[in-house]
Amino acid sequence: MTMKEVKIPFLTVVVVAALLPIWVLAAAKQHHQKGGEKKKLRFGSDGQFKILQVADMHYGNGKTTTCLDVLPSQFPTCSDLNTSAFVHRMIQAEKPNLIVFTGDNIYGFDAADAAKSLNEAFAPAISSNIPWAAVLGNHDQESDLSREGVMKHIVGLQNTRAQVNPLDQDVIDGFGNYNLEVSGVEGSGFENKSVLNLYFLDSGDYSTVPSIGGYGWIKPSQQYWFERTSAKLRKAYTSKPQAQKAPAPGLTFFHIPLPEFASFDSSNFTGVRQEGISSASVNSGFFTTMVAARDVKAAFIGHDHLNDFCGELSGINLCYAGGFGYHAYGKAGWDRRSRVVVASLEKSEKGGWGAVKSIKTWKRLDDQHLTAIDGQVLWSKSSAGMRRKKPVGGT
């Protein structure tokens with residue numbers, strides 16, 4: 001081989017790389033450094049997959065960052081460390097298969113070093129060795145890292161399943177748009193099929209359109225990616241082996257509520273609404289996109305800390321988690337809280353595990369007993385769209 005033959009391919013690689021978005025190169029680098037594919041997410045031998053949602057930690061500088069909206073008796077000793085302790089308690093109590101952080105993970109204005117604050121905020125998840133994922137809120141980028149920089153840092157942390165952006169779409173708005181597939185029980189007929197699909201999207205921070213004020217929204221390029229991904233997953237799930245008639249259920253996670261979250265009153269949701277719905281001032285149509293895809297059963301968000309309700313609209317449950325972090329605004333005497341989501345499989349005729357039969361949820365309060373409240377069925381295969389109260393704790 002001559003020097004010329006070596007040099008030309010090298011130059012070709014450099015030119016192609018130079019034309020790729022930075023996030024593509026970062027994702028490829030991470031993939032290479034961490035040994036390629038990570039172990040599949042899959043349902044356990046008990047036929048369940050449990051997700052712990054953590055919304056709005058608003059982590060600052062650790063023990064020197066004071067708490068907001070707590071009782072006078074709590075204030076002298078309260079800091080970001082209370083938030084970390086709550087994450088630890090929830091992990092120990094629920095033993096989730098996946099932890100999902102739905103934005104405002106740090107409160108950028110009060111984080112002197114974004115990377116350090118991110119490391120500390122996610123430390124309980126990292127030390128648990130449980131897979132975790134994250135999306136961005138509207139405050140994560142307000143320190144010394146851009147939104148892209150924050151997401152790239154998150155992607156580089158241990159045990160994360162987060163991605164900067166999908167590798168199969170060169171142009172997409174935001175950072176942190178990706179999907180995760182959850183396979184059936186190992187040894188079952190569904191061990192190589194994704195029976196539960198998780199979609200993560202960047203709902204932005206603030207409008208970048210001069211004539212439109214307020215918060216950001218999920219853009220057409222992101223919806224295009226979601227539609228393509230949903231269609232691809234539906235095709236795989238309804239094809240052999242174990243071809244199914246309907247798409248596998250999907251769940252979406254992002255930060256800022258859609259305008260449709262304002263569609264409910266106290267008669268048709270479970271939980272509480274104690275403040276307004278702080279959605280974008282424009283409706284980008286993502287709710288309609290989810291309905292048309294026919295697989296999404298619930299969307300989980302944060303942003304409005306004093307709301308923790310779930311309401312069903314057109315077959316999709318729209319769910320707040322309620323405020324988690326102690327450096328986030330809240331309401332003194334109203335406990336910080338976290339949402340738990342559990343998908344359960346059905347038993348096949350031969351006694352093995354099959355497809356998802358139900359999705360349930362409840363919340364836990366950061367009180368003395370980690371009290372579980374508001375247990376409900378979000379979706380059931382046998383009665384799609386049914387909403388009925390269930391005992392808390394998923395039983």
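Buried means under 20% relative accessible area, exposed over 50% and partly exposed in between, computed with a 1.4 Å probe on the protein chains only. This is a predicted model, in which local features need pLDDT of at least 70 and side-chain atom pairs count only at pLDDT 80 or more, while totals for chains, interfaces and linings use all residues. Residues are numbered from 1 along each chain as its sequence is written, and side-chain values use heavy atoms, with hydrogens and water left out.

**Two residues by exposure**

Pro72 counts as exposed because its relative accessible area is 70%. Pro72 sits in the loop between S2 and helix H3 (80-94); helices (H or I, at least four residues) and strands (E, at least two) are DSSP runs, numbered from the N terminus. Pro72 and Ala332 are 260 residues apart in sequence, yet their C-alpha atoms are 8.6 Å apart in space.

Trp225 counts as buried because its relative accessibility is 2%. Trp225 belongs to helix H6 (residues 220-237). From Trp225 to Pro166 the separation is 59 residues in sequence and 8.4 Å in space, C-alpha to C-alpha.

**The sheet**

Six strands form an open sheet: 6 strands in the order S4-S3-S2-S12-S13-S14, with mixed pairing. Two strands pair if DSSP finds at least two bridges between them. S4 and strand S14 (372-380) are the edge strands, each pairing on one side only. From one strand to the next the twist averages 20 degrees, where axes are lines fitted to C-alpha atoms, for helices over the stretch in contact, and angles run from 0 to 180 degrees between N-to-C directions.

Strand S2 (residues 48-54) and S3 pair in the parallel sense over 4 bridges, and Ile51 has Leu98 in S3 as its bridge partner. Strand S3 (residues 98-102) is in turn joined to S4 by 4 bridges, and these two run parallel. There, Phe101 is bridged to Ala134 in S4. Between S3 and S4 the chain passes through helix H4 (residues 114-128), and this β-α-β crossover is right-handed; that is, with the strands pointing away from the viewer, the path from the first strand over the helix to the second runs clockwise.

In strand S4 (residues 132-135), Trp132 and Ala134 point one way and Ala133 and Val135 the other way, and all are buried. Helix H5 (residues 147-155) is mostly covered, with 7 of its 9 residues buried. The buried residues of H5 include Arg147, Glu148 and Ile154.

**Cavity and pocket**

On a 1 Å grid over the protein atoms alone, a cavity is a set of points where a 1.4 Å probe fits but cannot get out; a pocket is an open set with protein on both sides within 12 Å along at least five of seven lines, and lining residues have an atom within 4 Å of a point. Grid points are joined across faces, edges and corners, and a volume is the space filled by probe spheres set on the points. The count is 1 cavity of 30 Å³ or more.

| Space | Volume | Lining | Nearest the centre |
|---|---|---|---|
| Largest cavity | about 90 Å³ | 17 residues | Trp217, Pro257, Leu258, Pro259, Ser284 |
| Second largest pocket | about 280 Å³ | 14 residues | Phe190, Gln242, Ser348, Glu349, Gly354 |

Ala, Val, Leu, Ile, Met, Phe, Trp, Tyr, Cys and Pro count as nonpolar, Asp, Glu, Lys and Arg as charged, and the others, Gly among them, as polar. The lining of the largest cavity has 10 nonpolar, 6 polar and 1 charged residues. For the second largest pocket the lining has 3 nonpolar, 7 polar and 4 charged residues. Strand S13 (residues 353-365) gives the most to the lining of this pocket, with 3 residues.
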